[in-house]
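Dear colleague,

Please find below the structure that I am handing over to you.

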Amino acid sequence: MSILRRSLIAGLAALAVAVATPSRPVVAQSGDVVVFAAASLKNALDEIAADYTKATGKKVAISYAASSALARQIEQGAPAQVFVSADQKWMDYAAGKGLIEPATRSDILGNRIVLVAPKGGTKPVEIKAGFDLGKLLGDGRLAIGAVASVPAGTYAKESLEKLGAWDGVKGKLAEAESVRAALLLVSRGETPYGIVYQTDAAADPNVAVVGTFPPETHTPILYPATLVKGAGADGTAFLAFMRSATARKAYEKQGFTVLY
């Protein structure tokens, strides 16, 4: 791949981060419920928040980003009331810092990771031990959440290592600061393939799922939700609504596995 194209992809990754991953907490109005949630939850939680506002009159301000970024923002004093992570690692991090109410923590959703390509003609890929993703990429790059900090990227790396495909792709990564930023690179046709959650793929009409990673090849994908210390009654009420039958419909529409 040419230096020019590498620079272009790097620039687009930065743009995708700016669009899909806020670098600072949302600015909430007084009285809003403030929620920090993994980027992959955007479509479902936007719908749930709208339903909650319609039912209660209470507005919900949601900041979407990688779970790692959100946990660190909470640690730095960001005024979140509810935190939903895309993995246990960053929820454990918040718990270890004394930032959450442990008794309110529970796993509410499950997900899967998939291989996606720009829609239009890419053949299905059988994802199994020994499959050569590096060969499929050719001179292209693989859009993926940053493997050191973004849960979707961590799950993807685990699976690729288990399948024996990691060595062939580790030098061809286009790492992004959230799974939605990685999705955007594929959606725009700037990378031939990407690894995202199946729920992200369902939310973007410009990508197609060409393969699904076997769940036994990576840590189970679970979304724990909790109250942040000092959340108060409004946070408690919204967290309960997130576990309601109304919310279940929104999650299932996006392809999440509901665990409550």
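K253 and E47 form a salt bridge in this predicted model, their closest N and O atoms lying 3.1 Å apart; the term denotes a side-chain nitrogen of Lys or Arg within 4 Å of a carboxyl oxygen of Asp or Glu. Because K253 belongs to helix 11 (residues 245-254) and E47 to helix 2 (residues 42-56), the pair ties together parts that are 206 residues apart in sequence. Helices (H or I, at least four residues) and strands (E, at least two) are DSSP runs, numbered from the N terminus. K253 is exposed, with a relative accessible area of 55%, while E47 is partly exposed at 26%. Here buried means under 20% relative accessible area, exposed over 50%, and partly exposed in between, with a 1.4 Å probe and protein chains only.

The structure holds 10 salt bridges, and two others may be described here. D234 forms one with K58, the closest N and O atoms being 3.5 Å apart. This pair links distant parts of the chain, 176 residues apart: D234 is in helix 10 (residues 232-242), and K58 is in the loop between helix 2 and strand 2 (60-65). D234 is partly exposed at 24% relative accessibility, as is K58 at 32%.

R105 and D92 also meet through their side chains in a salt bridge, at 2.7 Å from N to O. R105 lies in the loop between helix 4 (88-96) and strand 4 (106-110) and D92 in helix 4, so this pair ties together parts that are 13 residues apart in sequence. R105 is partly exposed at 25% relative accessibility, and D92 is partly exposed at 41%.

As to the sheet, five strands form an open arrangement in the order 7-6-8-5-9, with mixed pairing; two strands pair if DSSP finds at least two bridges between them. Strand 7 (173-176) and strand 9 (207-212) stand at the edges with a single partner strand each, so one side of each has no neighbour in the sheet. Strand 5 (residues 113-118) pairs with strand 8 (residues 193-197) in the antiparallel sense over four bridges. In strand 8, Y197 is the bridge partner of I113.

Residues are numbered from 1 along each chain as its sequence is written. The model is predicted, so local features need pLDDT of at least 70, side-chain atom pairs count only at pLDDT 80 or more, totals for chains, interfaces and linings use all residues, and side-chain values use heavy atoms, with hydrogens and water left out.
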